[in-house]
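Please study the sequence and the structure before working through each solution.

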Amino acid sequence: MSSTSFNKQYSGTHLAQSKMPDLKEQAKIQVEDDSPAPMLSERTGMTVEVLKRALIDNLYYIQGKAEIFATPHDYFMALAHTIRDRLLYRRIKTAQTYLEKDVKVVNYLSAEFLIGRLLSNNLINMGLYEPVRQALEEVGLSLDDLMEREEEPGLGNGGLGRLAACMLDSLATLEIPAMGYGIRYEFGIFNQTIQDGWQVERRDEWLRYGNPWEIPRPEYRVKVSFGGRTEAYTDAQGRYRVKWIPERQVLGTPYDTPVPGYNNNTVNKLRLWSARSGEEFNFQVFNTGDYTRAVADKTFSENISKVLYPNDSTPQGQELRLEQQYFFVSCSIQDIIRLYLRNHDTFDTFPQKVAIQLNDTHPSIGVAELMRLLVDEYLVDWEQAWKITQATFGYTNHTLLAEALERWPVSLFGRLLPRHLEIIYEINYRFLQMVRAKYPDDEAQVAGLSVIGEAPVKHVRMAHLACVGSHSVNGVAALHTELLKQQVMPDFYKLWPEKFTNKTNGVTPRRWLMLSNPRLAGLISEKIGNNWIKHLEELKQLEAFADDPEFCDRWRSIKQANKQQLAAYIEQHNGIKVNPNSLFDIQIKRIHEYKRQLLNALYVVTLYNQIKQDPSIDILPRTFVFSGKAAPGYTMAKLIIKLINAIAEVVNHDPDVGDRLKVAFLANCSVSLAQQIYPAADLSEQISMAGKEASGTGNMKFAMNGALTIGTLDGANVEIREAVGAENFFLFGLTADEAYALKSRGYNPQDYYNSNAELQAVIDRIASGHLSHGLHGIFKPIVESLLYHDQYLNCADYQSYIDCQAQVATAYRDPANWTRMSILNAVNMGKFSSDRTIQEYCRDIWHAEPVNIILETCRQEAAGLPAKSQSVPV
């Protein structure tokens, strides 16, 4: 893609139905004698003329519309199907190659895949961005307008889901045979609106107009069982067997989304499962007049794939969460086995052909499920089945928070998955025998390692199951991995140090630089060529331009244009006019107390207090931007959102403040919104309490787009600071060790409140009702948390944060040096590509090799199936 095409930006205009062009007239089909075969060329051709003809065909024969009736959405759908045709041509060849070569396949199991809009990403990776833009312009359509028509899949909440999407992009780009597995959430996470400052959740109807990218595969649906009982018996060979007699069964139907690699022919896929009832309609009950009960099982079963992360503050919510996790894991592992058995008669080589990666603890029930399928369904001996299971699974831990490590009460687990509980007890019994042999007379060690916890109620420790059942356990940043070894799983590390490894997260530069920041990507390609897109470490070459005045001017101009674009968005959606020349200070991430949006808010109130005390004070103009969603049941996180919006209401309308401070909370954080935010940031807020953030990936996206970071030594911040240089990173706060030591001594936040007048004034203003129209009690839980608990050390780190922000203000007043620091941040992000992350997983954990996909020349005879052929699932 040329820098010229990159620099064409969304105009903000919308397609009007009265202006729809006559496509048939503008793209008359002219087939010469030596033209490619029509069937294949219309479906696979990449030229502008062929793309125009394909668009017409799909408008007529997919959407069933003539131009006079077509809506803007029809044109988007026709374009999406045009691109999908070309993806499927490559997908079929990819599947055939994998089958013929009997390759090892990486299977990535994740509860979230925050994939974002796919049209633009597919155009980039397929090399079709410019041809499609030109084709549309020639028929009077705008690519930018059509891209805005795409609904965004609501399949994730934050970093975990976005990481999974980046990993799939890199797997395909590196030509690694792979499949993503997850849930096709009908209503996604939720749409966030802000009413009177409060978060309000609305259902996310991302499927209301259909999804042009997905392909339903009902022929591969599987049954998933729940409840019931087990019966032991002896088979004909005298072997002990167990039969699970379930109470009910749910059908899992797969929907496949093609995942293309960048600038190659590989198209892997993301397979998402949708839940359906085994008995959708009870005719006998219906005939009795009980119409509600006639479809009750359908409703009950389909709840499983309705929403991502249902509120688990109730027993019913907990049960649904466990049902979700088991449903998609069972569907996926059944499917993995089916695909393996196409080429194999036994399971002897299963680990050599299959790798299963557990993306966090949610899918860890897979260990017990693979054992159940091998032992109960395929009659594999326990010892062999266990060797296969351990050699197949890898476990990625993404959290240091105890509540995120998944512990299920045995009572719930046994009621819902009785056979799995038996299998887990057997796994644990054999495991603890080994532990006792290694640590005789050390029952404390045994209890610490056990998969079954005893207090406060008997429960299954899913992270322990994942550790026991996997050959590899990895953290996602160097600090995180060390804390995993020392604090979260020290007993497991002591037992199996060889299992533990670090794989620092990364992000795909295709979406987060090339697509999100086309102006900057164009400048980079102009200076060093396009190779950086697949080899991000080549950005290092741009260090030579860090002191080049012309290059620095262009860098600044690009940042300014991105800020103006975001300022326009803020004015349109929030009604707030911000100063594009101010410092854009941005925090975009899931709302959680450990991420400390509250500390950021305290700083805003600090600046506000300074202005109120001295309206003539010289304060660097700043625009504070917040964005992120709080879990529906997370009361404190939702109250923090209310506080931020309350601060914004006061600050933005106070004449003493003027344009010096503006605060905006951008609702409904999404991938597409993030693509506008990251390129516009001057300062990236990565201010979590040290020792709590596993890695973070937003920190990488900000820095990749030239933002400077203010942050603690937490997660991947440590490695980013090492890469860009300490002098180009604004560091504050306690280290993880210091935070742990402070809490161990007995942390009292009131000591900081009483000794710091500025902090006291900030907390007092929040408590006073000044930010809540005189209502004193609204923010009482926040005030009491700060004064009496402060679990995440906001008060302890407050002064260090304030002092560091003063350093930021001083640095920003020197535009030349700030620009140099910005350049050095961006060009040293080579390590933080997800391509590098995937290469390390392939080398150290999966032992997977790239497979080159070669396309055949389009021929008429290739359009038909041979008389005898092997059916290839795609």
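**Exercise 1. Determine which residues F327 touches beyond its neighbours within four places in sequence.**

Solution. Step 1: contact means heavy atoms within 4.5 Å. Step 2: with neighbours within four places in sequence left aside, F327 is in contact with V224, F226, V250, L251, G252, W273, S274, A275 and I304.

A note on the source of these values is needed here. The model is predicted, so local features need pLDDT of at least 70 and side-chain atom pairs count only at pLDDT 80 or more, while totals for chains, interfaces and linings use all residues. Residues are numbered from 1 along each chain as its sequence is written, and side-chain values use heavy atoms, with hydrogens and water left out.

**Exercise 2. State how many residues the largest nonpolar core has, and which have the most contacts inside it.**

Solution. Step 1: a nonpolar core is a set of buried Ala, Val, Leu, Ile, Met, Phe, Trp, Tyr and Cys residues joined through side-chain atoms within 4.5 Å. Buried means under 20% relative accessible area, exposed over 50%, and partly exposed in between (1.4 Å probe, protein chains only). Step 2: the largest core has 199 residues, and F327, F413, W532 and W846 have the most contacts inside it. Step 3: helix α13 supplies the largest share of this core, 12 residues. Helices (H or I, at least four residues) and strands (E, at least two) are DSSP runs, numbered from the N terminus. Step 4: another core, of 71 residues, lies apart from the largest one and includes I710, L759, Y798 and V808.

**Exercise 3. Describe where S274 lies and what surrounds it.**

Solution. Step 1: S274 belongs to strand β10, which covers residues 267–277. Step 2: S274 counts as buried because its relative accessibility is 2%. Step 3: the side chains of S274 and R276 are joined by a polar contact of 3.0 Å. A polar contact is a pair of N or O atoms within 3.5 Å; within protein, one must be able to donate a hydrogen and the other to accept it, and residues adjacent in sequence count only if both atoms are side-chain atoms. Step 4: leaving aside neighbours within four places in sequence, the contacts of S274 include R184, Y255, S305 and F327.

**Exercise 4. Classify the aromatic pair of F226 and Y326.**

Solution. Step 1: rings of Phe, Tyr and Trp (its six-membered ring) pair if their centres lie within 6.5 Å; planes under 30 degrees apart count as stacked, over 60 as edge-to-face and the rest as tilted. The structure holds 21 such pairs. Step 2: F226 and Y326 are 5.7 Å apart, centre to centre, with 85° between the planes, an edge-to-face pair. Step 3: the pair links distant parts of the chain, as F226 in strand β6 (residues 222–226) and Y326 in helix α13 (residues 315–340) are 100 residues apart. Step 4: F226 is buried, with a relative accessible area of 1%, and Y326 is likewise buried, with 1%.

**Exercise 5. Explain why the pair of Y603 and Y801 has its class.**

Solution. Step 1: the ring centres of Y603 and Y801 are 5.7 Å apart and the planes stand at 70°, so the pair is edge-to-face. Step 2: Y603 in helix α26 (residues 597–613) and Y801 in helix α35 (residues 794–812) are 198 residues apart, and the pair thus links distant parts of the chain. Step 3: both Y603 and Y801 are buried.

**Exercise 6. Compare the span of helix α4 with the expected span, and state how many of its residues are buried.**

Solution. Step 1: the expected span of a helix is 1.5 Å times one less than its number of residues. Step 2: α4 (residues 48–61) has 14 residues and reaches 20 Å from its first C-alpha to its last, close to the expected 20 Å. Step 3: 10 of the 14 residues of α4 are buried, among them V48, K52 and L59.

**Exercise 7. Is E175 buried or exposed, and is N263 buried or exposed?**

Solution. Step 1: E175 is in the loop between α9 (159–173) and β2 (178–183), and its phi is positive, about 65°, although E175 is not a glycine. Step 2: E175 is buried, with a relative accessible area of 17%. Step 3: N263 lies in the loop between β9 (248–260) and β10, and N263, although not a glycine, has a positive phi of about 60°. Step 4: N263 is exposed, with a relative accessible area of 59%.
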